Each structure stands twice: as C-alpha cells, then as structure tokens.
Amino acid sequence: MISGFFVFFLIYSSLVGVGALSFQNIIFEFAENDAWISVLLMGVSLHVIIWMIFKMLGNPAKDVIDLHRILLGKYVGNAVSLLMVAYYFIMALALFRSYIEIIQVWMFPTLQTWILSFLLISIIFYIVSGGFRVLVGYCFFGVILSTLLPLFMYFNFKYGHLDNLMPIFNHSLSDFLSSFRYAGIMFMGFDTLLIYFPFIKSPEKNRKWAQLGLFVTTCKYTILSIVTIMYYSQGLLKHTYWPTLVMIKVIEFSLIARVEFIFVSVWLLIIIPTLCLSIWSCTRIMKRVTHLKPTYSLLLILIVLFIASLLFNDRVKINWLGMHVAEICFYFIYAYIPLLFILYLFRHKTVHN
C-alpha cells in the first residue's frame, strides 16, 4: 500500500513520455494556432474520467479486474481483462520504440536497434521485478527531473511571437475534434490507475492528489503548446518531427554546446516509470486472471516487446504505430471507461433497489 500523496507522482509520471517531445507536430496539423485549446480541453475532460474511475473502484477499493467480474461475470470479465494486457502492451511498445528512434536519430545513428532494446528491457526488468513500491520511488524521481522542461522553455519564450497565436478560435469544430483526438498521445498512460487502485490507502480521501497530478500536467502541456506555436512559423512546425528537442537546441552554455544530448539522456529517467507502469499492469492482470507468476509473465512480455520493437524499423512504421496507439487510447478513455461507468451505475441502482 502507498500513501495517497504518492498518487500525484504516479499520475504525473505516467503522463510524461515521448509524446511531450513530438505531440505539437501532430495536433498542429489539424487546429494549427488553436492547437493549444485542444490540449487544454483534453486535460479538463480527463478530470471527469478520473472522477469516474474513483467512483467505480472505490468503496471498497478494487481494480478493474474485479469490476469486470462484477459487471460481466467471471469468465467474460477475465477475457476482457486479458484484452487489456494487449492495450497496455501496445502503449508501452509505442513509447519504447519512439524513444529508441530518438536516441538513434539524435545521438547514435549507427547503433543497432536490438542493442538499445536489450539495454532498456534490462532496466525495465530490474525495476518492475522490484515490486510496486520500488516503481513508485522511480516515479517520484521522474517527476522531479521533468520539472526542468518548463525552465528550458524560457529561452524559447523570449524569441517567440504572440502574433502566431492569432486569431483565436478561427477553426471549425471538426478541426478541433481531430486535434483533440490526437492530443491524447501525451495523456496516455494515466489509465494504469485502473490496475494499481487497490494499492492506494484510503482512495476516497486521496482523490485530490490524482486530480492535482493531472492539473499540473495539463498546465505544463498547455504552456508547452503555446510556447511552441509562438516559436515556430506554421510551415516549419508542420515539418518538424520533434519540436521540443529542436527548441532545446537553441540553448547553449559556455561548457555545454549540445544541451539536447543531455536532455535526451535525462529523458530516459523520465519515461522509464511510464514504461514500467504499463508493463507492471500487464503482469498484474496476468497474475490475477491466469495465476501466472509475475516473474514468468514479465519475462514473457519483455521478450515479446524486444521482438516487436525490431519489427518497426523505419520512421513510417513507427509513426503509424504511434498514431494508431493514440487513437486506441482515445477510444479506450472516452468510450470504454464511460461505458464501464454507466454499467456500474446501472448495477448499483439495481442492487440498491
């Protein structure tokens, strides 16, 4: 069990991934200078989703596996829970392969994918095998390191142009919806709350920490979106794959000329908790449903992750994976979780009557 205070770090760290380095290019394609509004709306709407999760899984505390069994029956519920293993796995795969691509493009162009995959998988195995409390500790340090990003944005804000944000609300509703849908690429991961919920002490009293973690992340992504739009021209941003990293390149110190090298290296410590939460969720579901020991399921999942990462061997395939995972996450969050909530309310009302 963990104190409710640590839910802030779990939510915050699960929302900080590779998407923070590249999401601006995706959402700008649809809403252009109004893309920051989509980010803000996405963050606000997720507060409702978190409220739904706490409402469904509280009193008494349970995870989504128990909820599936209550609402759908034991066998159907277990089958649906196993499908969630695939969901968390592809989410981890997209983040895992995207970060490897960044290392290869920005730091070591000639380094083989399998070497980086093996090194990252070794780190993931070490952390996840240590247990949930060890994972929470890494989330804490990941949050501390990620606070450096807004400080770096000061340099880009100085060279930005407020005119790039104008005029506001000059796009159609369909443009906002398309941008809103793909804005989920940087918010995916918080739904691991569905799995680790029973580990939270007095969850009904600590809901505020989850909401606060989401609020801080939303503010950070909204500010990052505004600074990016101010800094780039519209034509340049559409053709920049990693806008955040390119902005970091303008920063130079007397002893450090390539700050982005340090930034990419430190970012590993930030995304590792996100990766580990997804992998841990897979092992947790398999333990609850199949009674397979976590060590064996962890090894199996990491072997599959290693093989799958080698199949996505170029930019087109990696981009295809990221876009489709973003869509899957969007429908999971805004369709599946509300559906579970409606079923929960219906059953609760029926039992009460």
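Trainee: How much space lies in the largest cavity?

Mentor: About 30 Å³. Keep in mind that this is a predicted model.

Trainee: How many cavities of 30 Å³ or more does a search of the whole structure find?

Mentor: One.

Trainee: Which residues line the largest cavity?

Mentor: Q24, I27, F28, A35, W36, S225, T228, I229 and L237. The elements giving two or more residues to that lining are α2, α3 and α11 (207-231).

Trainee: And how does that lining divide into nonpolar, polar and charged?

Mentor: Six nonpolar, three polar, no charged.

Trainee: OK, pockets now. What volume does the largest pocket have?

Mentor: About 460 Å³. Its lining takes in 32 residues, and S22, I26, S98, I185 and G322 lie nearest the centre.

Trainee: Which elements give two or more residues there?

Mentor: α2 (19-31), α5 (74-106), α14 (259-290) and α16 (315-352).

Trainee: Which one gives the most?

Mentor: α5, with seven residues.

Trainee: Next, the second largest pocket. What is its volume, and which residues are closest to its centre?

Mentor: The volume is about 310 Å³. Of 17 lining residues, G58, N59, K62, Y344 and H348 are closest to the centre.

Trainee: Which elements give two or more residues to that lining?

Mentor: α3 (35-57), α4 (64-72) and α16. The most come from α16, with four residues.

Trainee: How many charged residues are in that lining?

Mentor: Five, alongside nine nonpolar and three polar.

Trainee: Let's zoom out. How many helices and strands does the protein chain have?

Mentor: 16 helices and zero strands.

Trainee: What radius of gyration does the chain have, and what would a compact globule have?

Mentor: The chain has 20 Å. A compact globule of 353 residues would be near 20 Å, so the two agree. The C-alpha trace spans about 60 × 45 × 35 Å along its principal axes.

Trainee: What share of the residues is buried?

Mentor: 55% of the 353.

Trainee: And the contacts? What share comes from residues 24 or more positions apart?

Mentor: 85% of the contacts with a separation of 6 or more.

How values were computed:
Residues are numbered from 1 along each chain as its sequence is written. This is a predicted model: local features need pLDDT of at least 70, side-chain atom pairs count only at pLDDT 80 or more; totals for chains, interfaces and linings use all residues. Side-chain values use heavy atoms; hydrogens and water are left out. On a 1 Å grid over the protein atoms alone, a cavity is a set of points where a 1.4 Å probe fits but cannot get out, and a pocket is an open set with protein on both sides within 12 Å along at least five of seven lines; lining residues have an atom within 4 Å of a point. Grid points are joined across faces, edges and corners, and a volume is the space filled by probe spheres set on the points. Ala, Val, Leu, Ile, Met, Phe, Trp, Tyr, Cys and Pro count as nonpolar, Asp, Glu, Lys and Arg as charged, and the others, Gly among them, as polar. The radius of gyration is taken over C-alpha atoms; the globule rule is 2.2 Å times the number of residues to the power 0.38. Buried means under 20% relative accessible area, exposed over 50%, partly exposed in between (1.4 Å probe, protein chains only). Contact means heavy atoms within 4.5 Å.
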